[in-house]
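Please look over the sequence and the model below before reading the report.

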Amino acid sequence: MKVSTALCSAALGVGLGTLALPGAALADTTVSPASTPVGGTVVLTATTCNPKSGDALFRVTGPNRDQNVRSTTAAAGGGLSAELFTAGFTLGTYTVATTCGDGSSAGSATFAVTPIGGAPAGSGGESRDNGALAAGGTLLGTAAAGAVILFRRRRPASAVA
């Protein structure tokens, strides 16, 4: 395969991968700390939500919760954030899915509610690393598929038989 053909197929694959890249892979919702005792407080942050586009809506679901937390508070590092008090929560893992004021998704993150005196609080449950991994995998897979398609199309008919 010629170098120019390989470069064209790689460019085609990256272009297709960019189109296929899920928006959730670029989103950024964090929960800090990653675990808290019953009655503790966690900070929910959506750094990709623009405060000028309206409120962020954090949907918290888990063993005994399905509630929405609305935020208009600007986060220190950008985006919007809210505090969630975990009094009355059942022990277990909770998921926070965020929708920005413009209707776009800001991804999701998880946190755990532990017994009082249980595991120490962590540094925060972030979904950023998983999103970057998903984005890279999508681009790499699509680039490989583009190369295979282009290589098969350019192969002479006698080589296929």
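This is a predicted model: local features need pLDDT of at least 70, side-chain atom pairs count only at pLDDT 80 or more; totals for chains, interfaces and linings use all residues.

## The open sheet

Five strands make up an open sheet with mixed pairing, and their order across it is S2-S9-S8-S4-S5. Because strand S2 (35–37) and strand S5 (65–71) each have a single partner strand, they stand at the edges, and one side of each is left without a neighbour in the sheet. From one strand to the next, the twist averages 25 degrees.

Within this sheet, strand S8 (residues 92–99) and strand S9 (residues 105–114) run antiparallel and are joined by seven bridges. Thr99 has Ser105, in S9, as its bridge partner.

## The disulfide

The structure contains one disulfide, which connects Cys49 to Cys100 with an S to S distance of 2.0 Å. The link of Cys49 and Cys100 is left-handed, with -85 degrees about the S-S bond. Distant parts of the chain are linked in this way, since Cys49 lies in the loop between strand S3 (41–46) and strand S4 (56–62), whereas Cys100 lies in the loop between S8 and S9, 51 residues apart.

Cys49 has a relative accessibility of 2% and therefore counts as buried, the cut-off being under 20% relative accessible area. Cys100, with a relative accessible area of 6%, is buried.

## Leu80 in strand S7

Strand S7 (residues 80–85) includes Leu80, a buried residue whose relative accessible area is 0%. Leu80 and Leu57 are 23 residues apart along the chain, and their C-alpha atoms are separated by 9.5 Å.

Note on methods. Residues are numbered from 1 along each chain as its sequence is written. Side-chain values use heavy atoms; hydrogens and water are left out. Two strands pair if DSSP finds at least two bridges between them. Helices (H or I, at least four residues) and strands (E, at least two) are DSSP runs, numbered from the N terminus. Axes are lines fitted to C-alpha atoms, for helices over the stretch in contact, and angles run from 0 to 180 degrees between N-to-C directions. Buried means under 20% relative accessible area, exposed over 50%, partly exposed in between (1.4 Å probe, protein chains only). A disulfide is a pair of cysteine sulfur atoms within 2.5 Å.
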